[in-house]
Amino acid sequence: MPPDAPVQPQPLPLSQPDSQDALRGPIGQLVQNQRIIVCCGAGGVGKTTTSASLALAAARAGRRVLVLTIDPSRRLAETLGVAQNPTAPVPLSPERLKAARIHPPGALDAWLLSPRQIADEAVRRLSGSREQSERFFSNRVYQQLSQMLAGMHEYTAMEALHRLLISGRYELVVLDTPPSRNALDFLEAPGRLASLLDGRIFKALTPKKGGLFTRAASKIAQKGLSAALGDELAGELVQFMGTFATLLQFLNQDLKAMRAFLSGPDAAFLLVTAPTRQSLAEGFYFQSRAQELKLPFKGFVLNRSSLRRDRWTQEDQANFDAMPKTPILQSGLRKLAAMAEIEAARQKRDQQVLDELNRRAGERGFAKSVPEFPQQGSDMDLLIATARELCGE
Amino acid sequence: MDKTTLDALLNRRVWLVTGKGGVGRTAISAAAALFAARRHKRVLLTEIGDPAERLSPLARVFGRDLLPEGEPAPIAEGVLGVQLLALTGQENYLNSVMPSKMLARAVLASEALRRLAAAGPSLRELGIFHQLLTLLRQTRCDGTLTHELIIADMPATGHTLSLTALPERLLKLFRSGPIHDNLVEGQSYLNDPDKAAAIIATLPETLPVSECMELCEGLRTTNVPLGAVFVNRVPLDPFSPEERQALAPILDAYPHLPGATRFRRHPQSLAELDRLKRHLGEVPLVALPEIADDKPDSAPFEAERALVESLSRHLDNAFAA
């Protein structure tokens, strides 16, 4: 083999029998029984892959599942069939279902959250008439900016989740949350948005009645807004916010119902983390916030861990030692031994991390380590391998 | 690496450091600030703040919980720091357009407007944009620039694109007036390859490289010039070609031999680096080596600081080469 040719990655352990797919362990239990699993975590820890794998595991076990994702890599989006920004959940294609060995009644749908699309849909659903919704769509502020509204992403996630759950189409929804430094932002941001867009505020900007003081105050506010944005746009913005605020009052009801559901026994929150200091700090912060918010935090997934089951045994070592070696191989092996030391140090660290996560998770929680898989295989293989790790003993 | 290209990079006014989570973007931003300060640049290191935030990983590198608020203040030798806050920018802006300070204060006291400013579409981004513009404009008494190089650690990819796409998007709404003028001035910085550079941080791995390529495309649509790609954690390869050749069949026979994972990683990393280089063409690629965390028991902040110091030394080498 030429020295610079890429080394073929190890095949993923897919040849094992189907019994390997039985749902075991604490995550297997959740995948079997919950109605919603929320995967939280910082960006870059493999949250989307974990979410898709959990959904896959449930579908293989015969459940009707939807994975709701935010920002998958292009490859994963293609694997799930959502690369073209579909307007509704998309079932996995028949050949992919076959490749993933999902059989009826098991089903796996995927959907990409698009704030604009969900906002449009909410406007249509909640406005009384077609003219009314068309009028809203033609508002310049809405056209340009509805997706840039602070908290909009999070809001639409909750809104979509609620509707999909009450539709009864799915037995389980796995939610991949938007990446954020504060893993629970997606729960808190919609509430913030809703309170900020309180309809009264916009009445204050355009008062029809009220005392001298109210009108004087609103005049100052209007003046400020006009000076800052120009008269025409200030008017359009206030109109937009006013209408949107009314819509949000309806959506707020959904939000409240959803919050209640998320605190209930059918929901489970998992924190996906990587074995780095920063991810860990975030993980612990998440856990305490989840407890404060009375959310059913179930456990940690330690992703990209260097801990492996396929240990190098003494027997392997003996066989290896018995093998004749050339001088050049010996010098290579000495360098390999140095690399092994680095690997061992990482494994030791990851084991410490896992122990600490287990300790923090407490008796009723868990921490599950998932090894880093080579990324060269197909994404479906990666999802299957990850699903097996997650739902293994 | 072409030295003139990199030196030109140092002469730009603003670096927007971006990249997916987990690639070490924050450490790279901090290292770049230390490095530029050693090159006698007046550096301002900044990130988008959030009033609800209590801890910033970037600030932790400099032993603080958060970067300074409002006015830039020193955080390291030759480096000032400040948070980009929507509210700060919005206040600056209102002060600049209102006919009197008193009126501006009265407007800011309006509860309705404050809430609108916090949640209104794009008003947050506008505030941040305005603060960045104010910092870019600032000069000292002698007329020289207060902040020669502003390094912004940009959060997730989506945020970067929504900020860099902001001027074009909003110019459709503001056809004249002070915001229009500000946006045009901002564009004159952000879209000028002599003044601004997007710096993408990534890793020599399949997924991060693919994502980096996608981000390059995204930046192209917003007309922010791509300055360089910094590839973090490039593994060192101690093996000679002969040793590799001798080891390869052994590791095929004994795939679990300790050290095998790392042995395999190197050629994969090189292949990914190659793929990225081909995609980038003229755009400089700066490879930063993997730095062993040799103080596993030290306080997290000290270890992070040591990593950043070490990365900044590697930048010295990359730029001097």
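The structure is a predicted model. Chain B contains 14 helices and eight strands. Its radius of gyration is 22 Å, close to the 20 Å that the globule rule gives for 321 residues, so chain B is as compact as a globular protein of that length. In chain A, strand β4 (residues 107–112) is largely enclosed by the rest of the structure, because six of its six residues are buried.

**Overall build of chain B**

- Taken along the principal axes, the C-alpha atoms of chain B fill a box of roughly 80 × 40 × 40 Å.
- Buried residues make up 45% of the 321 residues of chain B.
- Among contacts in chain B with a separation of 6 or more, 72% are between residues 24 or more positions apart.

**Nonpolar cores**

- In soluble globular proteins, nonpolar side chains tend to be buried together.
- The largest nonpolar core comprises 84 residues, and those with the most contacts inside it are B:Trp15, B:Val17, B:Ala31, B:Ala32, B:Ile151 and B:Ile199.
- Helix α2 (residues 25–38) of chain B gives the most to this core, contributing nine residues.
- A second, separate core has 77 residues, including A:Leu30, A:Met158, A:Ala290 and A:Ala387.
- Beyond its neighbours within four places in sequence, B:Val17 is in contact with residues that include B:Arg25, B:Ile28, B:Ser29 and B:Ala32. Also among the contacts of B:Val17 are B:Ile151, B:Ala152, B:Asp153, B:Met154, B:Ile199 and B:Ala201.

**The sheet of chain B**

- Eight strands of chain B form an open sheet with mixed pairing, in the order β3-β4-β2-β5-β1-β6-β7-β8.
- Strands β3 (73–76) and β8 (285–289) of chain B stand at the edges with a single partner strand each, so one side of each is left without a neighbour in the sheet.
- From one strand to the next, the twist averages 30 degrees.
- Strands β2 (residues 43–48) and β4 (residues 79–84) of chain B pair in the parallel sense over six bridges. Within this pairing, B:Val43 stands opposite B:Val79 in β4(B).
- Helix α11 (residues 206–222) of chain B packs on the sheet and touches β1 (14–18), β6 (196–202) and β7 (226–234) of chain B. The direction of α11 makes about 160 degrees with that of β6(B).
- Helix α13 (residues 260–280) of chain B lies across β7 and β8 of chain B, running at about 180 degrees to β7(B).

**Strand β4 of chain A**

- A:Ala107, A:Asp109 and A:Trp111 point one way from β4(A), whereas A:Leu108, A:Ala110 and A:Leu112 point the other way; all are buried.
- Strand β2 (residues 64–69) of chain A runs parallel to β4(A) and is joined to it by six bridges. A:Thr69 has A:Leu112 in β4(A) as its bridge partner.
- Strand β3 (residues 90–91) of chain A runs antiparallel to β4(A), with two bridges between them. The bridge partner of A:Pro91 in β4(A) is A:Asp109.

**Helix α15 of chain A**

- Helix α15 (residues 327–361) of chain A has 35 residues and reaches 50 Å from its first C-alpha to its last, close to the 51 Å expected at 1.5 Å a residue.
- The buried residues of α15(A) are A:Gly332, A:Leu336, A:Met339, A:Asp350, A:Val353 and A:Leu357.
- The cover over these buried residues draws on both chains: it includes α13 (277–292), β7 (297–305) and β8 (366–371) of chain A, together with α12 (241–253) and α13 of chain B.
- A:Gly362 follows α15(A) and has a positive phi, near 80 degrees.

Methods. Residues numbered from 1 in each chain as written. Chains lettered and ligands numbered in written order. Predicted model: local features only at pLDDT ≥ 70, side-chain atom pairs only at ≥ 80, totals over all residues. Buried ≥ 20, exposed ≤ 12 C-beta atoms within 10 Å, placed from the backbone. Helix = DSSP H or I, 4+ residues; strand = E, 2+ residues; numbered from the N terminus. Pairing = 2+ DSSP bridges. Rg over C-alpha atoms; globule rule 2.2 N^0.38 Å. Contact = placed C-beta atoms within 7 Å. Core = buried A, V, L, I, M, F, W, Y, C linked by C-beta atoms within 7 Å. Axes fitted to C-alpha atoms, helices over the stretch in contact; angles between N-to-C directions. Expected span 1.5 Å × (residues − 1).
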